[in-house]
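Today I open my notebook on a new structure. I want to see how its parts sit against one another, one look at a time.

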Amino acid sequence: MEKRKKYWRRLDNAALIFPAARRKGWFNRFRMSVTLKEDIDKEVLQSALDVTVKRFPLICSRLRRGFFWYYLEELDNAPRVILDGFQPLMVRPFDDVRKSAIRVLYYKNRIAVEFFHAVTDGAGGTVFVKSLLAEYLEQKYDIKVPSEHGVLTRNEVPCSDEFEDSFTANKGDVAFNRKEGQAFHIRGQREPDDFLHLTCATVKASDVLEKARELGVSATAYLSAVLIETLIPIQERQIPKKKKWLPVRVQIPVDLRRLFSSKTLRNFVMVINIGVNPRMGAYDFAEIAGLLSHQLALGATAKNMQAIYTTNVNSALVPIIKIVPLFLKNIIMRAMFDAIGESQATIGLSNLGAIKVPEEMEPFIEYFDFIIGPQAASPHNVAVCSFDNVMRINFVRNSVDPEVERGFYRNLVKHGIHVYIQSNLGLQEKSEE
Amino acid sequence: MYCIHCGVELADSEKLCPLCSTPVWRGEFKQVKGQWVPVVAVASGSDEEALYPNNHSEKIQTNRPWVMLALTVAYGIAILTILTIDLSVNGMLTWSNYVWSSMVCFYIIALLPLWFQKPNPVIFYPAAGAVVILFVGYICLITGGTWFLGFAFPVMGAILLFSTAMVALLHYVRRGKLYLCGASFIVTGGICVLIEFLLANTFSELTFTFWSLYPLISCSFFGLFFIFVAICKPVKEILRKKFMI
């Protein structure tokens with residue numbers, strides 16, 4: 001029998017920056033996990049992964065270097081499932097993604113998958129995790145899970161639409177300059193050993209939605225407003241001179257699949273920055289929420305998003321740039337990333353929204369978790385997802401002082417939302433004794 | 001359990017509130033002189049609800065030994081090639097003596113410590129110094145010189161002994177850096193005198209003119225100044241304020 005050729009594709013337009021922007025001890029990663037009601041069977045999980053990887057050849061892939069571009073190549077075999085570490089998104093050498101761009105981990109009743117952001121985004125990662133979970137449940141409990149709500153049939157051949165670089169495919173005619181100027185950056189001392197603090201809050205999704213509806217805004221706008229409400233006093237404290245205050249902005253990723261009816265499983269997400277400028281005066285909470293909601297509505301439109309990413313696509317299509325060797329491209333992209341990449345927003349907040357699964361899977365699942373690693377320059381990141389009225393807000397930080405999450409969660413409590421906190425700090429403290 | 005400052009409910013795994021570091025007390029409380037105090041000071045959280053395992057033993061795997069082995073083999077091949085070329089061209093070892101000995105010297109100084117995750121300078125520094133002394137002695141031997149035993153060996157040996165002591169003290173003793181600085185200035189002045197003495201003793205064309213007195217006096221002055229600053233705390237404080245970086 002003739003051996004099938006391995007799937008491979010050039011990195012999509014958004015992913016180009018991720019290998020270039022990496023630095024020692026940091027590269028852009030995120031983590032999707034699902035917590036079940038029963039403990040995980042490692043052997044079954046490995047067996048489910050062995051089946052699932054064939055369906056997702058460009059997610060279960062490794063990063064390879066060409067002379068002009070990076071590319072992703074399908075893995076020969078599924079990676080081994082491993083026991084989770086003492087923190088999410090453990091510091092790994094970049095060489096790991098040359099072996100496998102994903103890691104599948106388990107701990108007690110939790111399955112977690114850590115993705116290098118160059119292979120896919122949160123929505124693509126969710127599809128992979130749901131499909132892996134469906135296969136696991138089918139093998140473990142002998143049930144039949146239908147292919148709906150983002151669960152893909154594992155034994156079918158991957159569809160070419162799933163490999164599409166949707167940025168290039170949906171490129172527009174108008175390119176937009178997205179310069180917005182500097183935003184406030186939280187000052188703080190980095191953890192010397194790069195320990196990543198995770199403070200996870202469990203709240204009722206209905207409570208958050210109720211509060212958001214009272215203000216006439218979405219849950220994302222509401223949570224962003226709570227973040228801005230927290231960050232404004234921090235800036236006032238850290239920068240006493242009012243004339244030096246900068247806008248406080250939250251970076252919100254927008255899933256473009258819904259706007260462009262794309263089926264890709266690769267990156268198809270674009271960020272918009274929403275916020276307020278405290279130099280203009282004091283804002284009350286309702287005012288902030290209203291402003292952010294309007295900015296989201298104005299920014300997250302198909303035409304606006306298309307104009308923004310068309311700029312990036314056009315620059316990658318210039319013939320002279322195409323023939324520049326990869327190492328030079330990396331130097332240029334790294335310099336651009338350092339200069340403007342993360343300077344326009346104070347903090348990131350990524351809301352995956354309500355995760356739906358087929359009815360057959362629901363009785364086995366407690367909740368989903370979504371964690372995004374800290375950015376290169378900003379030590380904080382917030383990721384939110386909800387499942388069956390359980391909203392999990394995962395706050396990560398690699399700096400020492402927890403002032404942002406402290407303010408954020410205290411503000412939620414002040415708004416009348418019950419917040420249940422778990423962290424990875426207790427065990428860290430204990431192990432040091 | 002709720003944090004009294006933040007108002008959030010804390011999981012059983014939490015030992016402190018992760019937001020404000022307030023300790024979580026799970027023991028019973030009793031009233032003593034109007035104050036509520038814990039009967040049992042239970043402050044540890046339960047592992048049952050822990051979000052992450054306590055497996056700090058997970059280490060980042062690096063392929064350092066393989067890289068170093070490959071580098072060593074490549075280095076060995078390079079030395080053998082050089083020796084072969086010299087032998088085949090000149091029929092004996094001539095210029096390659098300098099090359100192989102300096103390459104071995106470089107390997108021990110710069111590459112040997114890379115085999116280890118955390119090379120201890122107290123071991124590798126004197127080892128590197130000893131190798132340099134041997135290298136200089138070998139050069140003296142193959143050039144037929146007479147300056148090694150009479151001059152280079154005692155000077156380099158003295159410098160190596162002194163600097164090894166400094167490295168060890170800096171590595172293991174946290175305090176007293178000003179004393180070390182003062183002592184190093186004074187010893188440097190002393191070594192200058194030793195160098196002049198040995199120069200005059202080894203090379204007949206040189207005479208002992210006591211030029212080393214000038215560096216000895218100035219080094220001793222600086223050394224005594226640092227020791228004075230180390231002893232006199234008010235002066236130390238004033239200087240710290242004036243010259244802090």
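Before comparing domains, I note that their bounds come from an automatic or database domain assignment. I also keep in mind that this is a predicted model.

**Entry 1: the domains of chain A.** I looked up how chain A is divided, and found domain 1 at 8-165 and domain 2 at 197-432. The C-alpha centres of domain 1 and domain 2 of chain A are 22 Å apart. I then checked who takes part in the contact: 56 residues come from domain 1 of chain A and 46 residues from domain 2 of chain A.

**Entry 2: the domain 1 side.** Which elements of chain A supply at least two residues each to the side of domain 1 that touches domain 2? I found helix H1 (17-21), strand S2 (29-36) and helix H4 (122-141) of chain A. H4(A) gives the largest share of that side, with 9 residues.

**Entry 3: two helices of chain B.** Next I turned to helix H1 (residues 64-90) and helix H2 (residues 96-111) of chain B, whose axes come within 9 Å and cross at roughly 170 degrees. Angles over 145 degrees count as roughly antiparallel, so H1(B) is roughly antiparallel to H2(B).

**Entry 4: what they touch with.** On H1(B), the contact residues include Leu71(B), Tyr75(B) and Asp86(B). On H2(B), I noted Val99(B), Trp100(B) and Leu111(B) among them. The residues of this contact of H1(B) with H2(B) divide into 10 nonpolar, 1 polar and 1 charged.

Definitions and conventions. Residues are numbered from 1 along each chain as its sequence is written. Chains are lettered from A and ligands numbered from 1 in the order in which they are written. This is a predicted model: local features need pLDDT of at least 70, side-chain atom pairs count only at pLDDT 80 or more; totals for chains, interfaces and linings use all residues. Two residues are in contact if their C-beta atoms, placed from the backbone, lie within 7 Å. Helices (H or I, at least four residues) and strands (E, at least two) are DSSP runs, numbered from the N terminus. Axes are lines fitted to C-alpha atoms, for helices over the stretch in contact, and angles run from 0 to 180 degrees between N-to-C directions. Angles under 35 degrees count as roughly parallel, over 145 as roughly antiparallel, 65 to 115 as roughly perpendicular and the rest as oblique. Ala, Val, Leu, Ile, Met, Phe, Trp, Tyr, Cys and Pro count as nonpolar, Asp, Glu, Lys and Arg as charged, and the others, Gly among them, as polar.
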